[in-house]
Structure formats: structure tokens, C-alpha cells
Amino acid sequence: MSLRLQAQSLACERDDRWLFRGLDLDIRAGEIVRVEGPNGSGKTTLLKILSGQLADYEGELFWDERPMRKARDAFLASLLYLGHAPGVKAALTPLENLAWYQALAGQAGGESARFRALEEVGLAGFEDVPAGQLSAGQQRRVALARLVLAPRPLWVLDEPFTAIDRDGVAALERRLVEHARRGGCVLVTTHHELTPCAELRRIRLGGGGADAGI
Amino acid sequence: MWAFINKLRSPKWFYAISARLQPWFWAAALILIVTGSVWGLAFAPADYQQGNSFRIIYVHVPAAFLAQSIFVSLAVTGLVYMVWKIKIADMAATVMAPLGAAMTFVALFSGAVWGVPTWGTWWMWDARLTSMLILLFLYLGVIALRGAFASRDSASRAASVLAMVGVINIPIIKYSVDWWYTLHQPATFTVTGRAAMPMEMWLPLLIMVLGFYSFFIALTLMRTRSEILRREASKRWVRELAEETT
Amino acid sequence: MAFATLPEFLAMGGHAPYVWSAWGLTAVLLLGAVLHARFERRQVLRQLRRRVRREAHQAGRSGRAQPIQTSRGGSTNEA
Amino acid sequence: MPASEGSLREGVAAVHEEPRGGLAVAVWATLKRDLVMLLRRRSEVLNPLVFFALVITLFPIGISPDPALLAAIAPGLLWVAALLAALLSLDSLFRADYDDGSLEQLLLTPQPLALLALAKVAVHWLLTGLPLALMAPVLGIMLALPAGSYLVLAISLALGSASLSLIGAIGAALTVGLSRGGVLLSLLVLPLYIPVLIFGAGAVQAAILGDGVLAHLAILGALLALALIFAPLAIAASLRISING
């Protein structure tokens, strides 16, 4: 199972300002790639481009050595993206939230899978409480339960540690490493310092993209 | 065709070529509008029914034509921008929209003023005037939407989509308003719908229409050039240009 | 010629207010558009020159020979 | 960790063989999710209906209680008030999803965004347009709407409000990223509503006059068909623009 996300001379211009230019990336199975940079350096934009949300870039993207344009469906089916906002509906219970994501992904997994995923992220007992009544950290955990729920090889996580307590952070870090070791691949931005490990790699975006390219 | 599209990608090329085209369109606009105005105002015969008030036609019709054409141009440039990502198209759309709104306003105002001697009232829910009024709202929507976004790229795309949606709707709006009007007021008299106009009347009208189109093209070229300088201010060729023209 | 005398022309057969106000507004808007476009162009050029000067000055002060192309700063879309 | 190495592989294999019926499942789940959510916040569903009734109450007070006069303007009044009521709830169509990040997730599914957006629009119609259409005859009585036009009023509103929801959703998608999109949304959308208004109110008027209403309803149907073809594409394109802020 090959797993390879490549970018060639990737550049993004927003309103006449280059966020980054000439960025070459080659992300393979078994890696945790942390995108670093000061605020406004285009971390989120890069993740959005690499997760196929933004078509507004220059350069080429490849998934499994095929151009992204052709491989888009296969790519989206392998991708799990968690953005700044958790994507959890306050009016729905954690179970219902996960059920929607399961259906969107076209997964067969039933109720038991959802229960197990919620238990994994420490939300046992909260399955039927409307998410609006949960704390910000717990809502984030509902979103993180999708990591357990859907066996997707590529994880793109934008600030996944936000609002999570210390135990949760440690558990999430373990989960990332484990995912990488099992042949998955993680692309992450975070202000939290990740414990160094063999799988961890860093990409640095400079202010205004001056040192990212050219 | 393809080569032309590729050339359009370069604002520098457009800036150079438009500099050469611009004077011709200004000259054409000036000559045509002056000729058409003198002819229409002073030489064309008075209408046997409406007398001299019919001379409003020489500004009303060209403005109405232009108002509709500019909206179609907005949609076309929007499509070009969305499909080929040609920035020039969006710059042109940015500068065309206010002129289109102004022309719509001219058509509305002249139509309303024309209504006083014709219908005896300042405003009549005439099919054409109503369609024009709706068109004005469509223009205001496009302009407001473009202004509402913080990011210019998003604003451009949103305005393009709205212009395209609007252009699909314009014929529908026009036909439904025409139908609505005939239903409510059995058509007695429309100001511009005229079977046969003598040549001395329609020739100046044609000249005025052509003059207005030349004016539109000339003004769009000129303002697009300013827009290029504004948006490409960080490019080397623009800097050099700025230093040259000091 | 549809009119014999100038006052007759100006009176427009009694329709003067309508004809002249419609034509007048059109003329004002067209002329206004031209003047605005000219003013806009001058202003853009002026801003551009100011920006070039400012950045040349900044580059000179910081003591490095900076190529024009990569120097950035200030807001780009003040329009 | 229950997800073993095997299950990751399985999952990867599963995604490569396109899940069958995935689209229908996703659209159905989106429909169900939105319905459940709105039904849990009933006031949001009721507000447009109350607004509709209120506006209709204002007219006799503002104009005259004379039944003959009211009967003459009733078709147009009912249609305009229903149109404004439907507009009222449009702003929140995508906003909650935008704010909590679900919209990004919706954009990232392998399923076509246009159809998922269509599911959301369908919910909007089911909980706004359809109740308004059902409620309109009651308000028609209060406006002394002539007999024989009640059914046509409900049918024309039901058909027309579906077009309104679709067209309005384009505006909602374009303005969802703007902090103050509400007024702008009305400015964008109302001009596009005019053909629907003309034929909708026209149908009721024709029913009162005893003319054939089928032609009007057919045109409303044609407008709906057009909207069904084009609007989802425009909505999807607009959502992609808005998500990039």
C-alpha cells in the first residue's frame, strides 16, 4: 500500500501577498509532519491546500504519484481532515454527530463502532448528551473520535490539541505515533511541542514566505 | 484563440496593447456621440405623436442597451476569470460594474422623465422600466457583494458567480415582467416599441448606440489600466513604469 | 434642421424640462465618468511613485541592496 | 487500541473500491441530520410562520379592513409576505455549519457537494416553504381571499417556495462567510425572486378570475426545474468560495 503525498514548487498568493513559494514536499507513509511557522505564515492555508479544499495555488500536487486532479476521489477517500473548528453539531449528541460522519464517508460501521470510538477518546457516558452541553475540550474529543472511527491513512490535523487537557494531549500524541507506525501518515499544525520521536519531521514556513522558497 | 487567451494572462501585455487601442475608441466615442447628439437633438424630425419629447430616445435607448450589455460582459468576464483564472478579466469586471449601474440609472431616469409628457406621470410600472429597475438592483447586488469580502480573490469569485446567476435570470425576469405588464395593463402605448421609424430618426439613434459602446470600451480600457497598476504594484515592470512617468 | 431659431430649439416644443434634464443627466454622468477615470489614473500613479520612493528609501537605510521585485511591505490593496 | 493494523489496511482497501450507494447514504444522512437539528430547535422553525402571520395582520391595520379592498390585494400580499418569511430563515441555512466547521467537512467528502447542499436546501423547504404554503389559506381567510383560490394558493406557494429556497441558497452560500451577510443576502436574492413572485401571485389571481391556472403552475414548475438544474452547482461553487474567506 503506497501512501505518498507530494507537492512540487507549491506557491500560494493571497491578495498579492505570497504566503509561501517554491515549496517542495514529499510526505510518505509512517511520517508525522509538523508544519511550523509564526501566525499568518500560511500554515492553515497549506493544510487546506494539501487537503484539497483550496484550489487556489500554483505548483503541482500528487497523490500516490498521480496528479491530484485525477486522484482526487481516491485522495479524499483516504483523507481525514480536522480543522480549527471541531465540526461538531451542538444540537446533536456525540453519537449522532459521528453517525453523520460515518454516512458521509460511506462507511458501514454501526452503532457499536461509534460507541467504541467515543470510549476511546474518554467520552464513555456522554454518548447521548447533546454536544452543546459538553465542554470545549469534550467537543474536540468528539471530533477526535473520528480518528478512531474511520481507518483513514492520511490525517491532516489543524491544531488538534486545542482545548484538550493534559491526559488527552498525551493520548492523542500516542495515537499519532501509533498511526504513523502502522503505516499511516499525519500532517499536523500545533502550538503544542510534540515529543520528539523517530517519525516526526518538521516543515517550517517563514514569515511572508521569504525563507520558504526562491 | 488559445494564443490570445494566453496573452491575456499577462497584464503587462494588456497594458501595452490597451495603450494603443484606447485613443481610437475615445476618438470614435467623441465623434459618434457628438454627431449623434447634434443630429438627434437638432436635425431629426419631431415625432408626430410625441413631438420633441421623443428626443429622449437618443439617450434612453443607448443607455438601456449598454446597461444590459455590461451585465452580460460582467458574466462573461466572470466566467473567463473562474475558468482560466485570468486576472485581467476580473479587473475589467471590477471597473465595468459601476458604469453599468450608472447606465441603468440613466435609462431609468430618462425613461421616467419621458413618462411625464407621454403618460402624464413621473413613474409608470411599465415593463421596460420595471425590468430596468430590477437590473439596477442586480448591479447594486454585484457591487455590494464585491465590497463585502475582506479578501479580494474571494470577492472576485463571488461577484463572478453572482453575475453569472444574474445573467441566467435576466431573460427570465424580462419575459415574466413583460407578461405581468400585459396582464395588468393591456398594452396601450410603449415609448420605444415602434414599428417603423423613418431613417432620419433611427440613423442618429444607431450612431448614438455605437458612440455609447465606444465610450464603454474606451472607459473600461482606461480604468482597467489603472486597476492593473493598482493590483500589480509590486511587479518590477510597474515599478519601472512609475519611475519613467515621473 | 427641425428648429428655425435657437430659442425654439431650447424650448423643444414645450418639452424642454424633460428633454434637457434627461440629456443633462446623461452628459453629467458620462463626463463625470471620464473625469473620475482620469483622476483615478493620476492618483494610482502618484501612489505608485510614493511607494517606490518609500521602499527605495527603506532599502537604502537598512543598508542592503534590495532588488525591487522582492521588497514587500505596506498594504497592497488599499484601493 | 481496537483499530489494529488489519483494520487500517481494510479501511484503505475499502475506500479504493467505491462504496456502493455511498451517495444516497450521505444525502439521506444529511437530510436526516438537518431535520433532527431543526426539529430540536422548534422556535427556529416557528419564527418564519409567526412572522408571516404578523405581516399579514399588519396590512388590514395599515390599509383598511374593507373586505373588498383586501380581497383585491390578498394574492399579492400573501405571496410577498410568504416570500419575506422564507427569506428570514435563509441566512442561517449554512451559517451554523460554517461556524462549527461542518461545512469544511461537507466539502471534503468524496460525494458531490452540489447534491449534499441540495439535501440541506430540501430541509429548508420542508420546514419553511411547505409550512408557509399550508398556513397561507388560513391567512387567506383573514384577508377575505375569494373562494376557489385557496388550493391554488397553497399549491403555488409550495411549488414556488421550492424555487425560492434554491435561489436563496445561492445567496446564503455567497454570504455565509461574511459577518453581516443578512441584509446583503436580501439585496442579492430578492431581485432574483421576481419571476417566481409574478407567476405565483398570478396563479392565485387567475384562480380568482376563473381563468386556467395550469399554465401558471406549469411555469412555476418549469422555474423550479431550472432552479433544480442550475442552483445546486451555483451553491456548491459559492460554498467553495466562502470557505476560503
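Tutor: Let's begin with what counts as an element: helices are DSSP runs of H or I with at least four residues, strands are runs of E with at least two, and both are numbered from the N terminus. With that in hand, B:Asn52 sits in the loop between α2 and α3 of chain B. Keep in mind that this is a predicted model.

Student: What makes B:Asn52 buried?

Tutor: Being buried takes 20 or more other C-beta atoms within 10 Å. B:Asn52 has 24 of them, so it is buried.

Student: And what is B:Asn52 in contact with, leaving aside its neighbours within four places in sequence?

Tutor: Contact means C-beta atoms within 7 Å. B:Ala46 qualifies in chain B, and from chain C you get C:Met12, C:Gly13, C:His15 and C:Val19. For a sense of distance, B:Leu30 is 22 residues from B:Asn52 in sequence, and their C-alpha atoms are 24 Å apart.

Student: Which pair of chains shares the most contacts?

Tutor: Chains B and C, out of five pairs of chains in contact. Here 39 residues of chain B meet 33 residues of chain C. On the chain B side, α2 (11–43), α3 (57–84), α4 (87–119), α7 (199–231) and α8 (236–244) each give two or more residues. The top contributor there is α4(B), with nine residues.

Student: What is that side of chain B made of, by class?

Tutor: 23 nonpolar, nine polar and seven charged residues.

Student: How do you know that chain C and chain D are not in contact?

Tutor: No contact joins the two, and their closest C-alpha atoms are 16 Å apart.

Student: Over to chain A. Why is strand β8 (residues 185–189) of chain A called largely enclosed?

Tutor: Because five of its five residues are buried, the rest of the structure largely encloses it. A:Cys185, A:Leu187 and A:Thr189 point one way, A:Val186 and A:Val188 point the other way, and all are buried.

Student: How do you know that β3 (residues 31–36) of chain A pairs with β8(A)?

Tutor: Pairing needs at least two bridges found by DSSP. β3(A) and β8(A) have five, in the parallel sense, so with the cut-off at two the label holds. One of the bridges joins A:Ile32 to A:Val186. Strand β7 (residues 154–158) of chain A also pairs with β8(A) in the parallel sense, over five bridges, and there A:Asp158 has A:Thr189 as its partner.

Student: What makes up chain D?

Tutor: 10 helices and zero strands. Its C-alpha atoms fill a box of roughly 75 × 35 × 30 Å along the principal axes, and 51% of its 245 residues are buried. Take the contacts between residues at least 6 apart in sequence: 80% of them join residues at least 24 apart.

Student: Where does helix α4 (residues 67–88) of chain D have a kink?

Tutor: At D:Ala74, shortly before D:Pro75, with an angle of about 55°. Both D:Ala74 and D:Pro75 are among the buried residues of α4(D), as are D:Leu78, D:Trp79 and D:Ala82. The cover over the helix's buried residues includes α3 (42–62), α7 (113–142), α8 (150–175) and α9 (182–209) of chain D.

Student: What does D:Ala82 touch, not counting residues up to four places away?

Tutor: D:Phe52, D:Leu132, D:Ala136, D:Leu157 and D:Ser161. D:Ala82 is also one of the residues that touch the most other members of the largest nonpolar core, a set of 234 residues; A:Val186 and D:Leu78 are in that group too. The largest share of this core comes from α4(B), with 18 residues.

Student: Last one: where in chain D is confidence lowest?

Tutor: In helix α1 (residues 5–16) of chain D, at a mean pLDDT of 46, whereas α8(D) is highest at 95. Residues 1–7 of chain D fall below 50 and have seven contacts beyond near neighbours in sequence. Residues 9–20 of chain D are below 50 as well, with 12 such contacts. The chain D average is 87, and 91% of its residues score at least 70. For the complex, the predictor gives an ipTM of 0.85 and a pTM of 0.88.

Conventions: Residues numbered from 1 in each chain as written. Chains lettered and ligands numbered in written order. Predicted model: local features only at pLDDT ≥ 70, side-chain atom pairs only at ≥ 80, totals over all residues. Buried ≥ 20, exposed ≤ 12 C-beta atoms within 10 Å, placed from the backbone. Bend = angle between axes of the 7 residues up to and from the residue. Nonpolar A, V, L, I, M, F, W, Y, C, P; charged D, E, K, R; others polar. Core = buried A, V, L, I, M, F, W, Y, C linked by C-beta atoms within 7 Å. pLDDT = per-residue confidence, 0-100.
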